[in-house]
Amino acid sequence: MNWIIPFIIAIVESVLLGSIPCGVLVGRAFGADPREGGSGSIGATNVNRTLGWQAGLITFILDVAKGLAASFLGRLLVFLFAVPAGWQADLVIASCVICAILGHMFTPWLHFKGGKGISVGLGSLLGASWPVALTALAFFIVFVLITRMVSFGSIASGFGTFCGALIFHTQSVPWLVVGALVCVAVVWAHRENIVRIAHGEESTFSLNRSSSKKDGGDDDPKGDDAA
């Protein structure tokens, strides 16, 4: 039963780390609030849209870092409490992934409104299981290149997480459950994007910032939000 205490601690620390509103903090440093523009999200995609690529990049790095820290602390707990290898250790470590994502999506510091969990999810997966992280990243890249929609790639990364869990943690129930939960959370976070995709109204990625709404330009108030 020596897994229960580290499991509880892992949940708490991951939610708290995930809840740090990096986008808002970066926005303050740049003299603006990303919640007042674009989609209103605090994720890196909307920060990039509203405050510029420098702010977006800093937000992305910080969000990935806090996810990575959550998983590393989970691994440290497994070591310090001598959690047995197997499903107990997997439960502690894998729970850090979904908890960091949920903390980011429903940060209590912003009335339980946050980002969409993609950047923090990448970081937490890198710390918890890099093969699963690379699988999710591969899904993201492939579908962004195919559809030119960051949101479509983000949704695909959720399914990629579950596929990665199936491939690399086939015998681990905690990882399979967390992989499924991450997929559901990502789809739910992008529900508005899914509606726009279904109606052919979603913005597409373009390096040309002066492009039209259909091509992902700045005139789209909702935009192709992901992180």
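Tutor: Start with a term. Buried means under 20% relative accessible area, exposed means over 50%, and partly exposed lies in between, with a 1.4 Å probe and protein chains only. Helices here are DSSP runs of H or I with at least four residues, strands are runs of E with at least two, and both are numbered from the N terminus. This is a predicted model, where local features need pLDDT of at least 70, side-chain atom pairs count only at pLDDT 80 or more, and totals for chains, interfaces and linings use all residues. Residues are numbered from 1 along each chain as its sequence is written, and side-chain values use heavy atoms, with hydrogens and water left out.

Now take α9. It covers residues 173-189, 17 residues in total. From first C-alpha to last it reaches 24 Å, close to the 24 Å expected at 1.5 Å a residue. That expected span is 1.5 Å times one less than the number of residues.

Which residues of α9 are buried? They are P174, W175, V178, G179, V182, C183, A185, V186 and A189. Seen down the axis of α9, these buried residues fall within an arc of 165°, so they line one face of the helix. The arc is that of the directions from the helix axis to the C-beta atoms. An α-helix has 3.6 residues a turn, so residues three or four places apart point the same way. On the other side of α9, V173 and V184 are exposed.

What does the buried face meet? The buried residues of α9 pack against α5 (87-105), α6 (118-128), α8 (150-168) and α10 (191-198). Contact means heavy atoms within 4.5 Å. Take V182: leaving aside neighbours within four places in sequence, it is in contact with V97, I98, I101 and T161.

V182 also belongs to the largest nonpolar core, which has 30 residues. Such a core is a set of buried Ala, Val, Leu, Ile, Met, Phe, Trp, Tyr and Cys residues joined through side-chain atoms within 4.5 Å. V97, L125 and V182 have the most contacts inside it. At least two residues of this core come from each of α4 (53-80), α5, α6, α7 (130-147) and α9. The largest share, 11 residues, comes from α5.

Last, the setting. The chain has 10 helices and zero strands. Of its 227 residues, 51% count as buried.
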